[in-house]
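Please read these notes with the model open beside them.

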Amino acid sequence: MIKKEAIDALRLYEGDIRIRNKKGKLVYGQSKNILYRDENAYRTLNALLFPEIHSEYSRIHLEKHQLNIEFVKNIEGTIEIFYHIFSLMCKMRNNEENSTILVRRVDRKSALQEYKKGIMCSFVSTSKKSYDTEFAEKDGIVLLEIQLNNHIPYLDLEKVLGDEYKNYWEREVLLSPFLSIDIEKIELEYEERKIKDMNGKIPVGKYRIVPKELVDFSKSNILKDSKEEIREKIIQGKDIAIQAIETMNKGEWDDDFISYKEWKKNFQNYLHQMLSDMWYRREE
């Protein structure tokens with residue numbers, strides 16, 4: 001049985017901040033949970049998943065957005081959001097043989113360096129539609145064509161949310177983080193050259209991506225500490241992350257942010273272990 005808490009976490013990620021009334025119906029209003037008031041929650045959630053601070057620099061400095069420090073102040077609530085979305089991905093696992101789906105994405109040029117390492121480190125929002133120019137307002141863009149199979153965790157929002165899918169026209173498919181991938185450059189078609197980034201420039205390239213599998217964290221031997229110990233480090237060290245993001249939001253980039261990067265790495269390892277255990281070992 002799919003819990004409403006999981007559905008609401010997914011809705012938050014896709015920008016739907018409606019609340020449930022006493023009858024369970026979605027209505028407009030302000031959530032009692034401060035995290036569920038941010039219709040751009042995905043920006044902060046994904047920034048925390050990227051290594052180093054390239055993602056923060058792109059979102060804050062180049063694209064003039066702000067990250068929401070409430071997601072770090074309330075880090076246990078943030079972990080719960082990830083848990084709920086991961087649980088949906090595991091429950092909606094597609095067991096059909098040879099099931100495939102083709103999706104597309106307009107992505108940041110800066111994300112390409114991570115893809116070329118053979119890994120998707122964050123959630124990746126894609127669409128079953130053609131490329132949407134609405135999502136091209138980024139500093140340098142690439143076009144991605146992604147062939148999904150039934151061996152990886154992802155969510156087709158039309159199927160999961162049904163009539164609660166607010167932005168149904170987007171036909172969004174959400175891919176999980178921590179996927180190993182194959183990537184190759186393909187030819188940019190003539191019509192696709194009409195897609196422009198925030199600076200009026202055409203895509204720097206087009207790439208075909210084939211996700212292979214979720215990387216099994218248990219085989220990486222990264223962490224010596226237990227999951228409980230690393231969670232405690234994340235909670236105890238959140239003030240470091242709060243200060244770093246506040247500094248970035250002010251446009252100050254002189255700091256090396258080493259402690260913040262280490263905190264992020266712990267956070268990412270914890271989430272990777274969580275999803276890996278849920279996907280491969282059905283641990284919740």
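**Notes on a predicted model**

1. Histidine 84 has a relative accessibility of 11%, so it counts as buried; the cut-off for buried is under 20%. The model is predicted. Histidine 84 belongs to helix H5.

2. What does histidine 84 touch, leaving aside its neighbours within four places in sequence? The contacts are Glu5, Ala6 and Ala9.

3. H5 is mostly covered, with 12 of its 17 residues buried. Among them are Ile81, Ile85 and Leu88, as well as His84 itself. Ile75, Thr78, Ile79, Phe82, Phe86, Ser87, Met89 and Cys90 complete the buried set.

4. The length of H5 checks out. Its 17 residues, at 1.5 Å a residue, should span 24 Å.

5. How do H5 and H10 pack, in angle and axis distance? H5 covers residues 75-91 and H10 covers residues 258-281. The angle is about 30 degrees, and the axes lie 10 Å apart. H5 is therefore roughly parallel to H10, since angles under 35 degrees count as such. The crossing of the two helices is right-handed.

6. Which residues make the contact between H5 and H10? From H5 come Ile75, Thr78, Ile79, Phe82, Tyr83, Phe86, Ser87, Met89 and Cys90. From H10 come Trp263, Phe267, Tyr270, Leu271, Met274, Leu275, Met278 and Trp279. By type, the contact has 15 nonpolar residues, two polar and no charged.

7. Two backbone angles deserve a look. Arginine 171 is not a glycine, yet its phi is positive, at about 50 degrees. Arginine 171 sits in the loop between helix H7 (157-161) and strand S8 (172-175). Its relative accessibility is 33%, so arginine 171 counts as partly exposed.

8. Phenylalanine 178 is the other case. Its phi is positive too, at about 70 degrees, although phenylalanine 178 is not a glycine. The residue is in the loop between S8 and strand S9 (179-186). Is phenylalanine 178 buried or exposed? Phenylalanine 178 is buried, because its relative accessible area is 6%, under the 20% cut-off.

Conventions. Residues are numbered from 1 along each chain as its sequence is written. This is a predicted model: local features need pLDDT of at least 70, side-chain atom pairs count only at pLDDT 80 or more; totals for chains, interfaces and linings use all residues. Side-chain values use heavy atoms; hydrogens and water are left out. Axes are lines fitted to C-alpha atoms, for helices over the stretch in contact, and angles run from 0 to 180 degrees between N-to-C directions. Helices (H or I, at least four residues) and strands (E, at least two) are DSSP runs, numbered from the N terminus. Angles under 35 degrees count as roughly parallel, over 145 as roughly antiparallel, 65 to 115 as roughly perpendicular and the rest as oblique. A crossing is left-handed if the near helix is turned anticlockwise from the far one by less than a right angle, and right-handed if clockwise. Contact means heavy atoms within 4.5 Å. Ala, Val, Leu, Ile, Met, Phe, Trp, Tyr, Cys and Pro count as nonpolar, Asp, Glu, Lys and Arg as charged, and the others, Gly among them, as polar. The expected span of a helix is 1.5 Å times one less than its number of residues. Buried means under 20% relative accessible area, exposed over 50%, partly exposed in between (1.4 Å probe, protein chains only).
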